[in-house]
Amino acid sequence: QIKSEHIPSVLFDIPELRTLDLDGTRINNLPEENSCKLEDLYLSNNYFLTVPKGLKTLPYLVMVDMSHNFLTSIPEDIPEYLPSIRILRFNHNLLTSLPNNLCKLITLEELEFCNNKIA
């Protein structure tokens, strides 16, 4: 059984915070409300089963690393989650396919998804 920790939501209320490294913190979710302008978010080596809806409240993100989690899919509405994304990393997960709407991430420059179950 996976035991997860909750990240203090106060971190997402620091207005000037631009980079947040939560690698290996045993989390599996993010707060769905925040007031920060995060640009870089590191979420690798955690217990995420899905892409967290909390990303929708972080419109300034340009880099998200969700490598080494337990993701089985990426939501079709991913462009709504990440309107400014440039770098997206999903390496070492359990993905079996990629959503068709990835092409609507018009700012995306780098996409990584190696070591998944995509045939």
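Modeller: Contact means heavy atoms within 4.5 Å. This is a predicted model, where local features need pLDDT of at least 70, side-chain atom pairs count only at pLDDT 80 or more, and totals for chains, interfaces and linings use all residues. Residues are numbered from 1 along each chain as its sequence is written, and side-chain values use heavy atoms, with hydrogens and water left out.

Colleague: Okay. Which residues is leucine 22 in contact with, leaving aside neighbours within four places in sequence?

Modeller: Ile7, Leu11, Phe12, Ile27, Leu30, Leu41, Tyr42, Leu43, Ser44 and Asn46.

Colleague: And how many residues does the largest nonpolar core have?

Modeller: It has 29 residues. Leu22 is among those with the most contacts inside that core, along with Phe12, Leu30, Leu38, Leu41, Leu55 and Leu82. A nonpolar core here is a set of buried Ala, Val, Leu, Ile, Met, Phe, Trp, Tyr and Cys residues joined through side-chain atoms within 4.5 Å. Buried means under 20% relative accessible area, exposed means over 50%, and partly exposed is in between (1.4 Å probe, protein chains only).

Colleague: Why would such residues be buried together?

Modeller: In soluble globular proteins, nonpolar side chains tend to be buried together.

Colleague: Serine 44 was in that list. Is serine 44 buried or exposed?

Modeller: Serine 44 counts as buried, because its relative accessibility is 5%. Serine 44 sits in the loop between strand 2 and strand 3. Beyond four places in sequence, its contacts include Leu22, Asp23, Gly24, Asp65 and His68.

Colleague: Back up a step. What pattern does the chain follow along the sequence?

Modeller: β-β-β-α-β-β. That comes to 1 helix and 5 strands. Helices (H or I, at least four residues) and strands (E, at least two) are DSSP runs, numbered from the N terminus.

Colleague: What is the radius of gyration?

Modeller: The chain has 13 Å. A compact globule of 119 residues would be near 14 Å, so the chain agrees with that. The radius is taken over C-alpha atoms, and the globule rule is 2.2 Å times the number of residues to the power 0.38. Along its principal axes, the C-alpha trace spans about 40 × 40 × 20 Å. Of the 119 residues, 39% count as buried.

Colleague: Which residues form a nonpolar patch on the surface?

Modeller: Leu49, Phe70 and Leu94 do, with about 240 Å² of accessible area together. Patches are made of residues with over 30% relative accessible area and no salt bridge; like charges are joined within 9 Å, and nonpolar side chains (Val, Leu, Ile, Met, Phe, Trp, Tyr) within 5 Å. Leucine 94 is in the loop between strand 4 (87–89) and strand 5 (110–112). At 33% relative accessibility, leucine 94 counts as partly exposed.

Colleague: Changing topic. How many salt bridges are there?

Modeller: The count comes to 6. The rule is a side-chain nitrogen of Lys or Arg within 4 Å of a carboxyl oxygen of Asp or Glu.

Colleague: What does lysine 56 form a salt bridge with?

Modeller: Aspartate 77, with the closest N and O atoms 3.3 Å apart. That pair links distant parts of the chain, 21 residues apart. Lysine 56 is in the loop between strand 2 (40–42) and strand 3 (63–65), and aspartate 77 is in the loop between strand 3 and helix 1 (78–81).

Colleague: And which residue meets arginine 89 in a salt bridge?

Modeller: Glutamate 110, at 3.4 Å from N to O. Arginine 89 lies in strand 4 and glutamate 110 in strand 5, so the pair ties together parts 21 residues apart in sequence. Salt bridges that share partners also join Glu16, Arg18 and Glu39 into one network.

Colleague: Last one. What does isoleucine 87 touch, not counting residues up to four places away?

Modeller: Val62, Met63, Val64, Leu108 and Glu110. Isoleucine 87 is in strand 4. Isoleucine 87 counts as buried, at 18% relative accessibility.

Methods
Accessible areas come from the Shrake-Rupley method with a 1.4 Å probe; for residues, only the protein chains shown count as cover.
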